[in-house]
Amino acid sequence: MLKGRSSGLLLPIFSLPGGYGTGTLGAGARQFIDFLAQARQHTWQILPLVPPGSGDSPYMSPSAFAGSPWLLDLEELAQRGLLTQEELASARYPQPDRVDHAWLRKNRPPLLRAAWRRDADTGSRAAFLKEQAHWLADHALFMALHDHFDLPLDQWPDDIRRREPEAMERWGQVLADEVDYQVFLQYHFFRQWKALKAYANEKGISIMGDLPIYVSADSVEVWAQPQLFQMDEDFVPTAVAGVPPDAFSDVGQHWGNPLYDWAGHREQLFAWWTRRLQNAALLYDRLRIDHFRAFHTYWAIPAGAKAALDGHWEKGPGQALLDHFAREVPELELIAEDLGDLDEAARIFIASSGIPGMKILVYAFDPDGESSYLPHNCPRDSVVYTGTHDTPTFVQWLFDQATPAQREFASDYLRLRADEGFGWGAVCGAWMAPSALAIAPLQDVLGLGADARINFPGTTGPENWSWRVRADALNPDVSGKLAKITRTYRRG
């Protein structure tokens, strides 16, 4: 149950301003926190902190627990004497508007390895490894092996792919330095994140994390605990994840993640999910669980099928898992991403869970019907959004995707004005809703269009997971106007 009445902004860490090719946990993050405080906001929602995987997506990560090394604050490492000013200069990237993931993969590792070679604090790394033993040792060896073979997991040599004891011992010795390097990356990531979260909390800002419900087939979880997934003995999924046609795609989405084996390893999966949420409770103040409906029923696409339409619904763990979460991780406030195709049974499951769901403004404006997403229909125990990382920005939707009738209805309902900026009308519409929490992507506050979209679901390409904001957009005029709207609708 959400308490009070508040608001916040959605912005991924990689979208923060800064000169090093991507947003980081450094000065740009603190500038944004200061901006949020000046704008009377109390929530910063981010996307998953995990290393990006296939398609540079944080929802296809090689690890469910690790942090992305690309987000490390290089300037802070330099202050600790681990990087030189010349090395910092070499890490600068001239394009401030987009993340160039290929450039990062090529240029960032040599710099981070130089920092690792200078870091003599092996004691702190050893203590961190012991503290995070349930995931970090496997993660470090997996990443070291991945870099060594430069191949996905299903193409590794059989003995190490199957974790045969002799191979594990041999490769652990051969790659001991590489394993330590991976521990170094995670130690400094978690140290920097802890400091940043403390800074946000001191400013009255809560952090809302985002938890992908699935892991990648090319991940340490599949390698270390293959029994948890619907896979054959060769690490090939027997069925994969996706969704049928919905508001995001007319043909559905074929994600390709391995599915959990709830029927065969329920107890082990409950324990693994508990560790995931316990880890999240250390990182965030509240947590959005992506594709929450899969706890009720999940879309299973048979192995080898090319189309999402070839899938079918299977039964998930249901309320028993949610009850388990409430007992084991009671301090973590959860938000259910309950979008997409929901039948009546799934709707009842989410409603009865007691976990707030999401209402999305860009899907509200049916000119002929009554949408549950219209602000006046949003229940108090919900989170209302102008849009998400997967939707068009409000301005993009209004001018590129809305029908003339939808555009007219939205304009009348929100009292949109060109001289004010159409994004502000969307913010006012969400902020006035009964929902206890209102969230807008920063792009909607800034009134940006299609060029600022974070992700186009079902696609891969450089336009996804790459948009960045410039520092000068986080100015007093914007924060002042947002503060006034927030106060007007009694959210801060």
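This is a predicted model: local features need pLDDT of at least 70, side-chain atom pairs count only at pLDDT 80 or more; totals for chains, interfaces and linings use all residues.
1. Residues are numbered from 1 along each chain as its sequence is written, and side-chain values use heavy atoms, with hydrogens and water left out.

2. Start with the open sheet: its eight strands pair in parallel, in the order 9-6-3-2-1-12-11-10. Strands are DSSP runs of E with at least two residues, helices runs of H or I with at least four, both numbered from the N terminus; two strands pair if DSSP finds at least two bridges between them. At the edges, pairing on one side only, are strand 9 (333-336) and strand 10 (357-360).

3. Within this sheet, strand 3 (residues 206-211) and strand 6 (residues 286-289) run parallel and are joined by four bridges. Leu-211 stands opposite Ile-289 of strand 6.

4. Is Thr-43 buried or exposed? Thr-43, in strand 2 (residues 43-45), counts as buried because its relative accessibility is 1% (buried means under 20% relative accessible area, exposed over 50%, partly exposed in between, with a 1.4 Å probe and protein chains only). Leaving aside residues up to four places away in sequence, Thr-43 touches residues including Ser-206, Met-208 and Arg-286 (contact means heavy atoms within 4.5 Å).

5. Now look at helix 16 (residues 422-431) and helix 18 (residues 476-488). Their contact is made by Trp-424, Val-427, Cys-428 and Trp-431 of helix 16 with Val-478, Lys-481, Leu-482, Ile-485 and Thr-486 of helix 18.
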